[in-house]
Amino acid sequence: MHWFSTENADQSPSSFCFNCKGRPNVSNEQFVRSELNYNFTINDDGNQSSERITLFGHSFHKGHSLVYDIPILFRIAKKNLLSLSSITRDQYKTFKSHNQINCKTVYYEDVRCQMSEFLLFLRDSIKIINSCEDHNWLMESLEKKIVSELENLCTALGQFHNLSDTIIQHALSSSDYKNNIYYHLYHCHLDVRWFQLSLLSELPKSRDTFKNTLHNALNDLVQLTKNRFKKLKLIDLHSKNALLCDCTYDYLVLINYLINKQQFIHNTDNFWQYFNPIFTNVNVVDCDELIFRLWFLNSLQKSEASTSIDLNDSYLVPVLKEFLNKEPSEVQLKITVCLLENIVLSSFITEPILALWEYFHKRLNSTFYSSDMKIQNIACISKNGPELLIQITNQFSAQKSELLSSYNSFQLFQRLLGLHLQNTKYNSKDWNQLKGRIFSKFSPSKLLSFNDIGFYNFTTLFLTLAIMSNDTSQIALKYQHLVKLISEQKLEPNIRSTYWKGTVALLILHSQSKTSMTAYGMALSDTLNTTSQDYIIIFLSGLKEVFIFSESFTLGQHTLFGPWFENYLSVIKPLDDNEILQTVLLILEKLKKIAKDQPMPFPRENEVFILYNSLFNYMLPFLKKSCLSIDCGTIVADIAAAFTILSSLPTFSNTKVMLFNFFVVNQAISIKLLNRYLSTIIKENITSNVHGYNSLALIKAWLHSSMLITNWTFNDIMTITRFVSTISEIKELFANTGNDLETSVDPFITFLDLLCIKYQQTQDIKLRQKLCEKVTDYFYSIKIWVNILLKQQKQNDEIYRLYMVIGYMFEKISPLIYIKGKPNTILQELLDSMLLGVTVRNPSSKIHPSVISALLSSLHRYLIGLFHLNPKTDQYIARCLRELTSIYFPKILMGIKSSDELPLLKFFEEKPDNEIPEREMFLELLVSIFLSKRNRSPDSSVAQVLEYINGIIKKNCNNKLVIISIIQNALMRVCAVSMLCEDSNICKRITKEIIKTLVDQSLCNDDIKNEIISSFNALCQEHLAFSSKLVFDFLENMINVSPDIVTHFLPKLLENIEKVEWKRGIGSDFTLRKGLERIQKKLGKT
């Protein structure tokens, strides 16, 4: 808003007229206070240094000009007015540059200000005349003349609403107001009409003229805005002002106060008694006409209540009701509600909202669709309760520019209702009136008539009330009461879903507003216990949000859990992403924070304790059942650990949670759950306070979990390991061993190493026996651990790890887990469970690929461990070795590729046999199992073993000790296989290759040559007496390989022939002598 003033003679010219683009430092409030109160400054002659005044650039005597010069001054004013109009008319014609150049420069602002200054002088002079009875004769002579001249002046100006669109458009869009003729012509209308009305109000005998002029002025303004309305689109009304500019609004405000002054002095009509007849004086009243009225009324409201026009006596509510009775379109409805928002929020009136509610409550089943809505906002039913609440809350914070395109008319009504209630004191007359009117419209029959959209609108309406209410519980209870009247189970599925979403949203509001939900929770309990699982899921989808916003658990949250909770837990899967389990864990975490700030136990009637106790009683059966499930998530362990921790704190010490024994002692529990449970309670440093705590059970659980350590359990294992290393029993066991269990990369392997060191350091038989008993206690349940894992046969990495660590266990502590002659030792149980069970002896049985893969790199550990148990004196161990090798070694060899490393290379390091006694034992084992049978057609396992020996020889061709060991322990049997098998058999080729490789090694090493000759000698000793032909054929073939070897062997051969002849007791044997002669003859040729 802007202004004019007549305070001082040296004021800026723009201060005498309307100027909405004038100086920004001029106060609108100053203008309102000076003009609207009619306290115009009177230039009293007694206070003036000069009796002259300058008008229109000429000097006039004030008194003389008032008596004699009025006609002249009005003619000058009319001339200036016509000059503005003519210039505008000329500029509106075809543009001609030379005319522009020849035009005389006109200062439009000076023209306006001179005219306003004249009218202001005239008004002040009349006010002075009226103040003195002695001047009544002068008023009688001047009044008719002034009225006539004012009318002529306005006639020359023309009607306001006849201004062309070009003038209005350019008047309001140009930033250069000083040289904008359109701007000054438009505002000149405001200047002249305002001064006309203010002058007429000072003329005592021109009241009728004042009323007619006022009626014409208001009608002119209405027609001007109506012309503009007709050229705008409906959606533009929300952003456009009916009064065009601030000066127009100031003009109307001045008229309003002028009328109020006349009403006060002369008891005349008020503003709306003048205005309403003009508004309603139309031939056709349709929706557009009524929207125009609302648009105009909306423009009369400003953010500052002191400068807004009071709408109490306007036809606002009747206009609105008439509009609603004409069944407007959705677009018309939306723009109407948007227009009403400014009116209602600035004037604090409730009647328009009541009128809208009377319209909308009959149409709640409508979709309120319009083509101008964004496609993403059409299907707006939220997926869950939290999203529903966010959607409703966003309505109140939405930008005005988004309203028409993002929301339907009912949503805009809810926004208007909510914002109005926000500005209204709770439980005030208006608040209760709206609440009561809304509640009264919902009967059971009304609710049963709702379709999906209708019930959704019903729910969002109650959410709107709840958001703006100081007592959320009251609104929520009313919502629950209405639904309970018709029974939740009788609702259609989609409607039931909406009901539960609304219920969740109301509960979240309770938490956000810190309102007790005890009454509401108790009212919900029956419905929760009888509804189906599908809707419980919807309820649970937002329950987590309820507790996220709960800073305290003394608001009745315990009432939300009942028998329904136990029933639901019985059918869900214990997965990490389960929302109810996440919610329970959230509650328990918050309870821990509460408990740490509460040093004394809660009484049993305390709401926090009731919540904790209810959760524990409902969750305990679920936890015990779930942790034995294969697919159980770690969240189950987190919840169990949280209960264990809480029960160890003083706050909840009245309860005894015995979950420690269930998780730690229970051998069937999942490793990942065990790790998570133990690591969690250890981190809280409350282990000693845990009910049922037992250090031995904890050590066994740690061994169980660390035995199968994987990447995703490593951190938990290390947490448990650090704690176990502090147990006095473990400290004492590993004192002075030089190893640190706490910093170990693989705790289980380090533990076995420490046991091995401890066993070797302990020479006393009794101490060794005690150590053996302690190890038996530690690994007493290892068979159960192994069997559970093997039955699952899903986690390849765990199976691989199992066979690896058990092999290491055999290698390191086999004397501690086996006692000769004692049944059911740990070693026996492990062999029976993992390697030598009944099923593996079945030729058609399949072995898990991870087992083969693990044995490929760890079979030597099993063998070493068994070798340490003196198989030569223990038939059981010897049998286990033979079975283990005969069953698994061929399978391992079958599974390796040509590029893979050979297995059991640990036995073939470059060390003498006395340093690696297992090498000799292993070779003897291979030979006795695979190469000792007389067979013309050896099976594939023999070929595999021969190929393995050949590979070992090639890999260690430069390793004299390994070569000699192989010759000593295997060459004789290799030669026997070569001698006995058919030429077409693959074993023939492999044995020849082995023999040739070894013979080639002997060329430069006499020790190897001597060992080969010894092997040949052993061959003859075994086979010469009964298979002499095969022996001589073999030696004959050997001449082709190495005549030198055979030549050196001839003395040994002759010696063996003589031994056979001596044993037979027949003297010289022709066959043997003939064979020897054949060998000698062939050697002679070579």
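1. Basis. Residues are numbered from 1 along each chain as its sequence is written, and side-chain values use heavy atoms, with hydrogens and water left out. In this predicted model, local features need pLDDT of at least 70 and side-chain atom pairs count only at pLDDT 80 or more, while totals for chains, interfaces and linings use all residues.

2. Domains. The protein is divided into domain 1 (16–32 + 52–92 + 104–266), domain 2 (353–556), domain 3 (561–691), domain 4 (780–895) and domain 5 (905–1083); the bounds come from an automatic or database domain assignment. Between the C-alpha centres of domain 3 and domain 5 the distance is 70 Å.

3. Strands (DSSP runs of E, at least two residues) are numbered from the N terminus. Strand β1 (residues 52–55) pairs with β2 (residues 58–61) in the antiparallel sense over four bridges, where pairing requires at least two DSSP bridges. Leu 55 is opposite His 58 of β2. Two residues separate the strands, and Phe 56 has a positive phi near 55°. Ile 53 and Leu 55 form the covered face of β1, and Arg 52 and Thr 54 the uncovered one.

4. Helix α45. Helices are DSSP runs of H or I, at least four residues. The 17 residues of α45 (residues 986–1002) should span 24 Å at 1.5 Å a residue, which agrees with the 25 Å between its end C-alpha atoms; the expected span is 1.5 Å times one less than the number of residues. At the N-terminal end, Asn 985 caps α45, with a side-chain oxygen 2.8 Å from the backbone nitrogen of Cys 987.

Technical notes:
A polar contact is a pair of N or O atoms within 3.5 Å; within protein, one must be able to donate a hydrogen and the other to accept it, and residues adjacent in sequence count only if both atoms are side-chain atoms. Buried means under 20% relative accessible area, exposed over 50%, partly exposed in between (1.4 Å probe, protein chains only).
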